[in-house]
Amino acid sequence: MAITPLTVPYGIGAMLLVALLGAGARAVPERTAFDHAGRHMSAVIAAALLILPVAFMSLGFVIASTALFAVVAGSMRGASPRAGTVAIDLLVGAAFSIALYTLFTGGLGVSLPSPWFL
Amino acid sequence: MGELLNGFAVALTPSNLLWGLAGTTMGTAVGVLPGIGPALTVELLLPVTYGLDPTAALIMFAGIYYGAMYGGSTTSILLNTPGESATIVTALDGHHMARNGRAGAALATAAIGSFVAGTIATCALSLTAPVMVKLALAFGAADYFALMVLAFVMVTTMLGASPWLGWCSLLLGLTLGFVGIDGLSGQSRFTLGIPYLLDGIDPIIVAIGLFAVGETLWVASRGPGMDDVLPVRGSLMMTAAEWSRSWRPWLRGTAIGFPLGALPAGGAELPTLMSYAIERRLSKHPDEFGHGAIEAVAGPEAANNASAAGTLVPLLTLGLPTSATAAVLLAAFQQFGLQPGPLLFEHETALVWGVIASLYIGNVMLLVLNLPLVGLWVKLLAIPRQWLYAGILVVASLGAFSVHCAAGDLLLMAIIGIVGFAMRAAGAPVAPVMIGLILGPAAEQHLRRALAISQGDWTVFLTRPLSASLIVVSLLLAGWGLARSATRHKIEP
């Protein structure tokens, strides 16, 4: 029996569906219980990551990364955001992002996006 | 021997020594951070090597890999937060030792044991690699395909809560590996009409998504909170009794770790567990196990580091990654246009032996970095958790973007990260995804080549003794795994 370029991928895809059904039909040994705060924290981080590509290309690496840093740090802190902690997260995020930008563009020659207004 | 000496000549040049030192230092610094295992450490630091020549970059990588292994034990002992499954065993008794005021002795036996095991295992790697290369040159396409099937079966059977979940992970990795244009026919596969997918899915993006993003989402989902870091109390000099109780477990751990690390069984998880069980059986103080037995730190740490060198045997000689970290390392090789395997030893002799020689040097550097400077690394554990994971995501997104300078890679990273989080929540292992992704296209190529040579005759896999043996072992192992799962399912409904 000869195989075409699609035989193996489609065969594997079909096996994946069967395995997913098989795994779903069995009781998962350790089903994880998440608390409300944890669910909220991971949802905020996932949302931030999904809009990151747009922010990255329009605002540039430094601003987008600073914002990502502040959003992730703020959500992982768990408590309601306060002006003081947000400002500190933004400052630390900006310092970290600028250091990385300098290292990668200046030191390693990697091209990173700049803000659209520059 | 001459090749190894030439390797030392390469590794001992001032610039390569400096890259090796930078790699071991960064590997330790990142590896010591809580929840970060060697695979994530290597992946996070991958962008730092862009712009270097391949030899310097891979020497740096070897340092990062070993540094991450050393750093992981510090976190397990002082914070009880293993960065990966292989250091869970170290955390069991190491953290108890730290609580009992013997953190210094626990860190010392882990560091010296890692040095002893790393050095002996690197010697074993230097001796076995040329033999494996000779064997590998005699491998045909059918043998390679059968070997990869065995790797798939072992990884899915050994890792995770159930073989079903292991198979799901592996098949997901294989499916992702087939995305893009087929190299032999030019036909597009699983691209869904999206031009971005025609080039295929880069393993580095998948690694970043699964390990960095998936891990961060997983940690976040557990809610706020922070483990206490225990102070380093007690002298870092081990007593005569502690030396006496440690040296045999170091050697036994090495003997267990190296060969098991070379098997495609998912890395250091199995050797560390085996070492723990054996030490418990042989110890004169079995009652101390689980409460701070030094043998329970010495043996598994040695097994862990020896398995790291063992992992490099199939990786370098056959191009076969046997763990998630090895899969990321293979992706790093491919990033520089290098394909590990027997031909790499023929065409890039200086590079391969330079990297192997750098492992000897790296082990010495790491002993110096880890014992006297442990107080410095412990300070890194004081970084607030929210800044640590925010920093990880910033570096991860930078790493993902740097691969092709494409915004699409960032979106892919986020999607795969969410999948990685869901897999963790379901108890599915993530290592088989990486192994399937990287080995899948190669396995398909060998399958098609073998069938082309045999003119479509499928019995080619059963008429060659090596491939037939490997296929039989794979079938037996898969059957055993599924039977074990079914039995467990009946007992624990």
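This is a predicted model: local features need pLDDT of at least 70, side-chain atom pairs count only at pLDDT 80 or more; totals for chains, interfaces and linings use all residues.

Over all chains, the structure holds 14 aromatic pairs.

**Aromatic pairs and a cluster**

- Phe61(A) and Tyr101(A) form a stacked aromatic pair, with 6.3 Å from centre to centre and 20° between the planes.
- Phe61(A) belongs to helix 3 of chain A and Tyr101(A) to helix 4 of chain A, so this pair ties together parts that lie 40 residues apart in sequence.
- Phe61(A) counts as buried because its relative accessibility is 0%, whereas Tyr101(A), at 25% relative accessibility, counts as partly exposed.
- In chain B, Trp458(B) and Phe461(B) make a tilted aromatic pair, with 6.3 Å from centre to centre and 50° between the planes.
- Trp458(B) has a relative accessibility of 35% and therefore counts as partly exposed, while Phe461(B), at 5%, counts as buried.
- One aromatic cluster is formed by Phe56(A), Phe61(A), Tyr101(A) and Phe401(B).

**Interface of chain A and chain B**

- The contact involves 57 residues from chain A and 61 residues from chain B.
- The size of an interface is often given as the accessible area lost when the parts come together.
- Between chain A and chain B, the buried area is about 5000 Å², and carbon and sulfur atoms give 81% of it.
- Two residue pairs in polar contact are found across the interface of chain A and chain B, both at pLDDT 80 or more.
- On the side of chain A that touches chain B, the elements giving two or more residues are helix 1 (7-25), helix 2 (36-59), helix 3 (61-77) and helix 4 (83-107) of chain A.
- Helix 2 of chain A gives the most to this side, with 13 residues.
- By class, the side of chain A that touches chain B has 43 nonpolar, eight polar and six charged residues.

- Ala83(A) is found in helix 4 of chain A.
- With a relative accessibility of 68%, Ala83(A) counts as exposed, because the cut-off for that class is over 50%.
- Between the C-alpha atoms of Ala83(A) and Pro115(A) there is a separation of 25 Å, and these residues are 32 residues apart along the chain.

- Most residues other than glycine have a negative phi.
- Leu192(B) has a phi near 55°, which is a positive value in a residue other than glycine.
- The position of Leu192(B) is in the loop between strand 2 (188-189) and helix 9 (203-221) of chain B.
- At 73% relative accessibility, Leu192(B) counts as exposed.
- Phi of Gln455(B) is also near 55°, again a positive value in a residue other than glycine.
- Gln455(B) is located in the loop between helix 19 (431-453) and helix 20 (460-463) of chain B.
- The relative accessible area of Gln455(B) is 74%, so Gln455(B) is exposed.

Methods: Residues are numbered from 1 along each chain as its sequence is written. Chains are lettered from A and ligands numbered from 1 in the order in which they are written. Side-chain values use heavy atoms; hydrogens and water are left out. Contact means heavy atoms within 4.5 Å. Buried area is the accessible area (1.4 Å probe) that two parts lose on being put together, summed over both. A polar contact is a pair of N or O atoms within 3.5 Å; within protein, one must be able to donate a hydrogen and the other to accept it, and residues adjacent in sequence count only if both atoms are side-chain atoms. Helices (H or I, at least four residues) and strands (E, at least two) are DSSP runs, numbered from the N terminus. Ala, Val, Leu, Ile, Met, Phe, Trp, Tyr, Cys and Pro count as nonpolar, Asp, Glu, Lys and Arg as charged, and the others, Gly among them, as polar. Rings of Phe, Tyr and Trp (its six-membered ring) pair if their centres lie within 6.5 Å; planes under 30 degrees apart count as stacked, over 60 as edge-to-face and the rest as tilted. Buried means under 20% relative accessible area, exposed over 50%, partly exposed in between (1.4 Å probe, protein chains only).
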